Amino acid sequence: MPTLIKNANEVITLKGNGQGPRTKEAMKEIGIIENGSVLVNQDRIVAIGTLEELQKEYPELIADSEVIDATGKVVMPGLVDCHTHLVHGGTRENEFNMRLNGSTYMEIMNAGGGIHSTTRSTRQASFEELYEKTYNHLNEFLKYGITTVEAKSGYGLDWENEKKQLEVAKKLQETHAVDIVSTFMGAHAVPAEYKGREDEFVEIVINEMLPKVAEEQLAEFNDVFCEKGVFTPEQSRRILEAGKQYGLTPKIHADEIEPYEGAEMAAEVGAISAEHLLVASDEGIQRMAEAGTIAVLLPGTAFFLRAPFARGRLMVDEGVPVAISTDFNPGSSPTISLPFIMNLACMNMGLTLEEVLTATTMNAACAINRGDQIGSLEEGKKADILVLNVANYKQLQYYYGMNHTHLVMKNGRVVVK
Ligand code: NIG
Ligand code: FE
């Protein structure tokens with residue numbers, strides 16, 4: 001049955017010029033239609049405009065439509081969370097308390113906690129346990145208006161458990177309303193059993209895991225944690241280049257804790273995105289702008305680790321396409337609230353209200369190669385649509401720390417109300 005979402009105060013279309021990532025001024029063009037309506041049929045958007053325009057063009061479809069009244073509200077595309085460590089076992093609130101008492105993130109990790117702790121919990125968890133836990137997390141994502149989530153593996157760190165994580169994501173893609181896009185991140189950490197034999201583990205990722213990921217079609221992207229004490233730029237480059245041979249698009253956790261020329265490398269290997277970038281160099285930012293590498297910024301991580309925020313303002317001004325995401329994971333960013341993360345990007349990175357909307361819709365969609373299907377309200381795109389309980393888009397961040405979701409439509413179906 002067709003659906004008409006009618007008479008919103010503002011429909012924020014995010015429609016721009018083409019389906020690629022937006023840079024500079026184009027990040028501010030969010031396409032506002034006042035008194036707007038959206039017509040949906042099956043899982044697609046049919047048309048957007050004023051009610052009179054739609055009635056003139058689609059009288060029959062509208063006569064058959066179920067009507068959602070959006071009077072006084074804002075309508076926009078579903079949010080895209082393009083960087084999460086979605087599938088994981090356990091929680092790490094004790095480490096949070098240790099950090100509040102003075103320990104650092106890397107100290108905890110080097111002492112066997114951090115990613116190692118979640119690796120133990122994830123290895124111990126059964127497929128069903130991980131599936132249940134993640135299913136519940138996805139329900140929460142939907143309530144915050146997130147309709148597509150990228151999911152990285154990287155808490156298995158051996159084939160059996162990496163595969164388990166990726167297969168949980170694959171099954172959820174079939175069963176849950178939220179769309180999941182998978183990234184293989186076997187090089188998230190060197191597992192404890194390979195301590196001192198790091199290069200051996202790199203060989204296993206390259207020669208054993210990557211071919212299987214490709215053969216079993218378990219992921220589209222290949223990510224690596226390029227960080228002092230984790231994987232060197234040389235090791236990272238080898239892993240990303242090897243992934244390319246198997247058709248996996250490179251992504252990279254770059255310059256998160258110490259500057260390591262990760263941004264530069266991302267541009268060089270043709271990564272679709274470099275992520276984190278808290279301490280990326282001027283040179284790295286320039287190279288990313290030239291190469292069109294998307295910067296996926298994760299202000300929740302800087303907030304939660306009390307680290308410096310990435311230089312988002314500078315990146316936008318220099319012409320880097322910027323996306324914003326939660327980094328949802330049990331260590332450095334245990335939150336699902338992308339709207340709160342958007343607020344951090346405004347307050348601590350100097351992004352504007354319009355820029356954070358682009359960064360969590362179109363640019364985030366492009367960071368997972370979905371710019372042609374989601375991220376904006378346009379004829380023919382997927383009907384992933386939010387109706388929000390605010391009078392205009394500026395109130396989304398003005399009333400901060402609140403969930404403004406009134407209704408979520410996913411693939412043309414109302415899933416939260
Ligand atoms: O994106 N930097 C590495 N990975 C995650 C954190 C993972 C964890 O602490 O469990 C991140 O911050
Ligand atoms: Fe991450």
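1. Helices and strands here are DSSP runs, numbered from the N terminus. On that basis, His-85 sits in the loop between β6 (79-81) and α3 (93-100). Bear in mind that the model is predicted.

2. Now the whole chain. The protein chain has 17 helices and 16 strands. Its radius of gyration is 21 Å, close to the 22 Å that the globule rule gives for 417 residues, so the chain is as compact as a globular protein of that length. Along the principal axes, the C-alpha atoms fill a box of roughly 70 × 45 × 45 Å.

3. Next, the packing. Of the 417 residues, 56% are buried. Take the contacts with a separation of 6 or more: 71% of them join residues 24 or more positions apart.

4. Which residues does the "binding site" annotation cover? An unreviewed UniProt entry lists His-83, His-85, His-253 and Asp-327. These residues span 245 residues in sequence, yet no two of their C-alpha atoms are more than 12.1 Å apart, so they gather at one spot.

5. Is His-85 buried or exposed? A residue is buried if 20 or more other C-beta atoms lie within 10 Å of its own. His-85 has 27, so it is buried. Leaving out residues up to four places away in sequence, His-85 touches Lys-152, Gly-154, Tyr-155, Phe-328 and Asn-329.

6. Asp-327 also lies in a loop, between β13 (322-324) and α14 (338-349). With 28 C-beta neighbours inside 10 Å, Asp-327 counts as buried. Again leaving out residues up to four places away in sequence, the residues Asp-327 touches include His-83, Thr-84 and Leu-298.

Methods
Residues are numbered from 1 along each chain as its sequence is written. Chains are lettered from A and ligands numbered from 1 in the order in which they are written. This is a predicted model: local features need pLDDT of at least 70, side-chain atom pairs count only at pLDDT 80 or more; totals for chains, interfaces and linings use all residues. Helices (H or I, at least four residues) and strands (E, at least two) are DSSP runs, numbered from the N terminus. The radius of gyration is taken over C-alpha atoms; the globule rule is 2.2 Å times the number of residues to the power 0.38. A residue is buried if 20 or more other C-beta atoms lie within 10 Å of its own, exposed if 12 or fewer, and partly exposed in between; C-beta atoms are placed from the backbone. Two residues are in contact if their C-beta atoms, placed from the backbone, lie within 7 Å. UniProt positions are given in the numbering used here, feature names are shortened, and annotations may be inferred rather than shown by experiment.
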